[in-house]
Amino acid sequence: MVKAEGVHKSFGSAHILKGIDLEVAPREVFCLIGPSGSGKSTFLRCINHLEKISAGRLSVDGELVGYRQKGDKLYELKEREVALKRRDIGMVFQRFNLFPHMRAVENVMEAPMQVKGESRAVARERALKLLDRVGLGDRAEHYPSQLSGGQQQRVAIARALAMEPKLMLFDEPTSALDPELVGDVLDVMRGLAEDGMTMIVVTHEMGFAREVGDALVFMDDGRVVESGHPRDVLGNPRHERTKSFLSKVL
Ligand code: ADP
Ligand code: MG
């Protein structure tokens, strides 16, 4: 579903991603861990067309990110084409960024109506189902300010799912939550995984990575240091940097 080959990213003279190679299979839960500043968010942003890679190849579902191939020539995608691609990728951030003036259900309906031109009735029906799925069937008419952080994050997940993405990116989805609210959000993500969603999850929740993850990559300083099955990498890290990072977060 995602393939990165020698992906580099620089911001001016700051070399942030230094040759990332990895592959995410369909239906896989792919966990990405590493210290702050190692480039995890930047990598997710490259997958989601929010940043352009500086070198290497990055593809989603067999298509190069940002380019269209015709014969052996590559054409840069136009803004409109990028917008179409981005519909297929859901992203959930540390901060939930819900529209504050819209009720939960309206937040979930918004993109399908605006982007896909879906009717209000159809969008609403799906939104209610999705809110039910994330355990918020009884909060549909609440405004974000009337919801806890964990509930807001679950609305944000429902909102991403409303576009029926083929890939979901989670960037530290529970890092801004009070500890007692983390479990509900992780449960929703676990349910998604069981339903076969392909997910890349940047997280410090090692329990989640171990129990739900199919693959795990430890990144440091813009490079993949170590990768493998979460049980192996977390239980038996081979590199000093991985060991030292895990000793701080476990
Ligand atoms: P992580 O998510 O692993 O904490 P980030 O991908 O957010 O790491 O950031 C990696 C590095 O890239 C940081 O040093 C950050 O300051 C830098 N960076 C991220 N975005 C930009 C940008 N738009 N311009 C310049 N530097 C950036
Ligand atoms: Mg980050």
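This is a predicted model: local features need pLDDT of at least 70, side-chain atom pairs count only at pLDDT 80 or more; totals for chains, interfaces and linings use all residues.

Trainee: Where should I start with strands, and which strands are joined to E10 by bridges?

Mentor: The general idea is that strands of a sheet pair through backbone hydrogen bonds, either parallel or antiparallel. In this structure, strand E3, residues 29-33, runs parallel to E10 and is joined to it by four bridges, and within that pairing Leu32 has Val202 as its bridge partner. Strand E9, residues 167-171, is also parallel to E10, with five bridges between them, and there Phe170 is partnered with Val201.

Trainee: Are the residues of strand E10 buried or exposed?

Mentor: Here a residue is called buried when its relative accessible area is under 20%. Five of the five residues of E10, which spans 198-202, are buried, so the strand is largely enclosed by the rest of the structure. Looking at its faces, you find Thr198, Ile200 and Val202 buried on one side, and Met199 and Val201 buried on the other.

Trainee: In what order do the strands of the open sheet stand?

Mentor: Four strands form that sheet, in the order E2-E1-E4-E5, and their pairing is antiparallel. Strand E2 (14-24) and strand E5 (63-64) stand at the edges with a single partner strand each, so one side of each has no neighbour in the sheet. At the E5 end, two bridges join E5 to strand E4, residues 55-60, in an antiparallel arrangement, and Val60 is paired there with Glu63.

Trainee: Which helix lies across E1, E2 and E4?

Mentor: Helix H1, residues 40-47, lies across those strands, and its direction makes an angle of about 65 degrees with E2.

Trainee: Which residues are around ligand 1?

Mentor: The residues around ligand 1 are Phe11, Ile16, Pro35, Ser36, Gly37, Ser38, Gly39, Lys40, Ser41 and Thr42. The side chain of Lys40 has an N or O atom 2.8 Å from an oxygen atom of ligand 1, while a polar side-chain atom of Ser41 is 2.8 Å from a ligand oxygen. For Thr42, the distance from a polar side-chain atom to an oxygen atom of ligand 1 is 2.5 Å.

Conventions: Residues are numbered from 1 along each chain as its sequence is written. Chains are lettered from A and ligands numbered from 1 in the order in which they are written. Side-chain values use heavy atoms; hydrogens and water are left out. Buried means under 20% relative accessible area, exposed over 50%, partly exposed in between (1.4 Å probe, protein chains only). Two strands pair if DSSP finds at least two bridges between them. Contact means heavy atoms within 4.5 Å. Axes are lines fitted to C-alpha atoms, for helices over the stretch in contact, and angles run from 0 to 180 degrees between N-to-C directions. A residue is near a molecule or strand if one of its heavy atoms lies within 4 Å of it. A polar contact is a pair of N or O atoms within 3.5 Å; within protein, one must be able to donate a hydrogen and the other to accept it, and residues adjacent in sequence count only if both atoms are side-chain atoms.
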